[in-house]
Amino acid sequence: MCSSDLAEAHDRLGFTTEAGRLYQLMAKGPKRPVVTEQALLGLGKVYLSQHDTAAARRVFEHYRLEFPTGRFEREALHLLVQTMIDDGDLTNLLHFCRAWMLHHPKHSERPWMYQQMAGVLLRLNKHEEAIIATEEAFKAGAPKTAGALLAYADLLAQMKQYEQAIEVYHTVTENKPDHDQLQWARLQIVRGWQALNQHDRATVALAELGQTDDSLVTRFSSTYHESIKQARQLPQEGL
């Protein structure tokens, strides 16, 4: 069994300290790029499994410097970003994402990187920039999954861009989401029309929401129904 196989076996069995020692020996041994690449990636993963994100980050940064177009370039990039997220180093991560985008104008990971930027910007309360990053991710080819579209629509609604949010929620309902996603999208459509004082449309959207076994959705639905009813009565009460 070669050193890399032995290290991987130790790691799988939970002997992470011994696995880390073997990976370190491989990385410090004779310069063989194939072995060194595998050793650095394996060592970084071991540190992650030991919750030593600082050490893992150093290893993944080392890998990217030594093997900028290596076999594990994509995985190392993803793991490096994850370690920075786990560390809560959001300001430096945002700087890193922007610098990476600048130096990789045609890289296949640009959609993914835009999504990471959007998440970081959202956590930094930079909501408008997060919307732009999300839109750029979609333009670059990021999959428009129900989950991704719901997150985008929720962000638009949070910024009170209700009409655009409703359009996105409608897109979700038309693309075979799962039950929970469908219920959430329809509920947010009701909320959006209500926020825009479009009570007729809110009523129609509420009817489309229909009956559900979800007690939380049922409670929200009942609340919105009563709210819409009261809103309709306000003009009459003022006569």
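# Exercises on a helical protein

**Exercise 1.** Decide whether Asn197, at 56% relative accessibility, counts as buried or exposed, and describe where Asn197 sits.

Solution. The structure is a predicted model.
- Step 1: A residue is exposed when its relative accessible area is over 50%.
- Step 2: Asn197 has 56%, so Asn197 counts as exposed.
- Step 3: In the chain, Asn197 lies in the loop that links helix 11 (179-195) to helix 12 (199-209).
- Step 4: The backbone angle phi of Asn197 is positive, about 60°, although Asn197 is not a glycine.

**Exercise 2.** Carry out the reasoning of Exercise 1 for Lys160: is this residue buried or exposed, and in which loop is Lys160 found?

Solution. 
- Step 1: The relative accessibility of Lys160 is 63%, and because the cut-off for exposed is over 50%, Lys160 counts as exposed.
- Step 2: Lys160 belongs to the loop between helix 9 and helix 10.
- Step 3: Lys160 is a residue other than glycine with a positive phi, near 65°.

**Exercise 3.** Describe how helix 9 and helix 10, the helices on either side of that loop, are arranged.

Solution. Two packed helices are described by the angle and the distance between their axes.
- Step 1: The axes of helix 9 (residues 146-158) and helix 10 (residues 162-173) come within 8 Å and cross at roughly 165°.
- Step 2: Angles over 145 degrees count as roughly antiparallel, so helix 9 is roughly antiparallel to helix 10.
- Step 3: The crossing of these two helices is left-handed.
- Step 4: Among the residues that meet are Leu149, Leu150 and Tyr152 in helix 9, and Ala165, Val168 and Tyr169 in helix 10.
- Step 5: Sorted by type, the residues of the contact of helix 9 with helix 10 are twelve nonpolar, two polar and one charged.

**Exercise 4.** Find out whether Phe96 is buried or exposed, and which residues Phe96 touches.

Solution. 
- Step 1: Phe96 is part of helix 6 (residues 90-103).
- Step 2: A residue is buried when its relative accessible area is under 20%; Phe96 has 16%, so Phe96 counts as buried.
- Step 3: Leaving aside residues up to four places away in sequence, Phe96 touches Arg64, Leu77, Leu80, Val81, Met84 and Met113.
- Step 4: Take Met84 from that list. Met84 and Phe96 are twelve residues apart along the chain, and their C-alpha atoms are separated by 9.8 Å.

**Exercise 5.** Summarise the whole protein: how many helices and strands does the protein have, and what share of its residues is buried?

Solution. 
- Step 1: There are 13 helices and zero strands.
- Step 2: Of the 239 residues in the protein, 42% are buried.
- Step 3: The accessible surface comes to about 14000 Å², and 52% of this belongs to carbon and sulfur atoms.

Methods: Residues numbered from 1 in each chain as written. Predicted model: local features only at pLDDT ≥ 70, side-chain atom pairs only at ≥ 80, totals over all residues. Heavy atoms only, no water. Helix = DSSP H or I, 4+ residues; strand = E, 2+ residues; numbered from the N terminus. Buried < 20%, exposed > 50% of the residue type's maximum accessible area, 1.4 Å probe, protein only. Areas by Shrake-Rupley, 256 points an atom, 1.4 Å probe, with all protein chains shown as cover. Contact = heavy atoms within 4.5 Å. Axes fitted to C-alpha atoms, helices over the stretch in contact; angles between N-to-C directions. Parallel < 35°, antiparallel > 145°, perpendicular 65-115°, else oblique. Left-handed = near helix turned anticlockwise from the far one by under 90°. Nonpolar A, V, L, I, M, F, W, Y, C, P; charged D, E, K, R; others polar.
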